[in-house]
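Dear colleague,

I am passing on the structure below, and I would be glad if you could look through it alongside the notes that come after it.

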Amino acid sequence: MTDQPPPPTPSSGSGEPDPSDPSSPAGGPGHAGPPPGWGPDMPPTGPPSGPPPGWDPAQGVWGAAPPPQGWAFPPTEGYPPGSGPYGGQPWYPGPPVGWYPPGHGFDPNDVLVTPPGAGLGGWFDRCAGALRRGWRQLVPIMLLTQVLPAAVLSVISLGLDPSANWAPQAGSSASPVLPDNFAADLLSLLVVLIGGSLLVGLVQSVGWGAGTWVITQQAAGQPASLESALRYGLRRALGLWGWTLLVSLLIGVGFCFCVLPGIYLGFALSMAGPVYLFERHNPIGRSFRMFHDRLGLLLGRVALVVLAVFVGTAIPGVLEGLGTSPFGTDPFASAGTAAGVVVVIGITAVLALPAHLAQMIGLLVTYAEQRAHEAPVNTAGLAAELG
C-alpha cells in the first residue's frame, strides 16, 4: 500500500488508445472519442438519409456513373448510336456491313446483277448463266430479228450491185470514162442500202427488246415465252430504234472527224440501249455518266464485247467473200449461181449468230453491274423497271 493517489486516466484527446477501452481502435467498443481525423467541420455521423451517389439498386453496385441516355442492359438492342468500340455498328451477332434483306438491295448470289467486288469472273459467270437459261428463246429471236434481215439485205444488195455492168464498159474504152447511167445506178444502190439498213435496224430493235426481256424475266424466276418476248419487243421497238439511230449518227460523225472520237463515242454510248429499255429517259446522258464514273470497269467490259463481236462477224464476212467469189461478178445471171450465192450468204449469216448473242448479253450484264455500283439493285427490281 501507498499513500500516493492512482495515476490519472489519459484524456480522449491525447491520441493514445486505451487498450481497456472497448470503443478504441485497439480495444474494441466502449471508446467514446471520435475516430482519428475527425474535425469539428465534418458532417455529423449517423444513418444515411438516402443512397450514396452512384448507387444503382438494379445492379446492386455503387461507385459507377449512371448509364448514358439510350443505353439498354443487357444489350439486346445494340450499342446506342455512336457508342461502343466501333460507332454505329450493330451489336454482335448481326448482319455484316453492306448486307441487304432479300428484295431490298443487291444479292451477292444474284444471277444477273454482278455485285461490286465480284470482278471479271462474276461478270463472265452471269453472261454464261444468261445464255444457258435462255438459249431456247434467244436463238430463234436472234435468227428472226438479226440473222434473217441481215441475210436478206445482203442478197438484195448483191443483186442490185451495178459493178458487174460497169466493168465491161470500162474495159471497152481506151480512155477512163464513167459508165453509162453511173449516177442513177449508184443512187439507186445507195437508196436501197440506206432504206434497207433502216428497216433492218427497226427489226433488230424488236429483237433487242425481246431478248432483254427474256434474260431479265428468266433471271427473276418468271416465265418467258417466245410469243410474250416478241410482243414486248414490238412495244419497245420504235423508241429503241429512234435512240439507236441517233447514237449511230453521233458515232458516224465522230469517225468522220477522226477515228478516235468515233471509238470514244462508241464506248461512251454503249449503255444507251439498256438505259432506254429500263429507265426510258435520257439514254445518252446516262450512258455518258456511267462511262465516266467507272471508266476502267466499263471500258474493259465493253472492250471484251467489241472483241467478241468483231471476231464473230469478221470470220463469217471473210467466208462469205470466199464463198461467193466463184459465182462471178453477176451471180444472178442464172438460177444455179443465184441459188448457190443465197445458200452461201445464209450459212455465213447463221455463223454470225454467236456475235449477236454476245453483244446483247454482254451489254445487258454490264448495264446491270453499273447499276449495282450506283445503288443496291437486284434482278427483281430490274424486271419491274423493264415492265
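What follows concerns the salt bridges and their surroundings.

This is a predicted model, in which local features need pLDDT of at least 70 and side-chain atom pairs count only at pLDDT 80 or more, while totals for chains, interfaces and linings use all residues. Residues are numbered from 1 along each chain as its sequence is written, and side-chain values use heavy atoms, with hydrogens and water left out.

The search of the whole structure finds seven salt bridges (a side-chain nitrogen of Lys or Arg within 4 Å of a carboxyl oxygen of Asp or Glu). One of them joins Glu 227 to Arg 231, with the closest N and O atoms 3.0 Å apart; both residues lie in helix H4 (residues 226-257), four residues apart, about one turn of the helix. Helices here are DSSP runs (H or I, at least four residues), numbered from the N terminus.

In another salt bridge, the side chains of Glu 374 and Arg 294 meet at 3.4 Å, N to O. This pair links distant parts of the chain, 80 residues apart, with Glu 374 in helix H10 (residues 353-374) and Arg 294 in the loop between helix H7 (283-293) and helix H8 (295-324). Arg 294 is buried, at 15% relative accessible area, whereas Glu 374 is partly exposed, at 33% (buried is under 20%, exposed over 50% and partly exposed in between, with a 1.4 Å probe and protein chains only).

Arg 371 also forms a salt bridge with Glu 385, at 2.7 Å between the closest N and O atoms.

Finally, Glu 279, Arg 286, Arg 294, Arg 371, Glu 374 and Glu 385 are linked in a network of salt bridges.

Best wishes

Technical notes
Helices (H or I, at least four residues) and strands (E, at least two) are DSSP runs, numbered from the N terminus.
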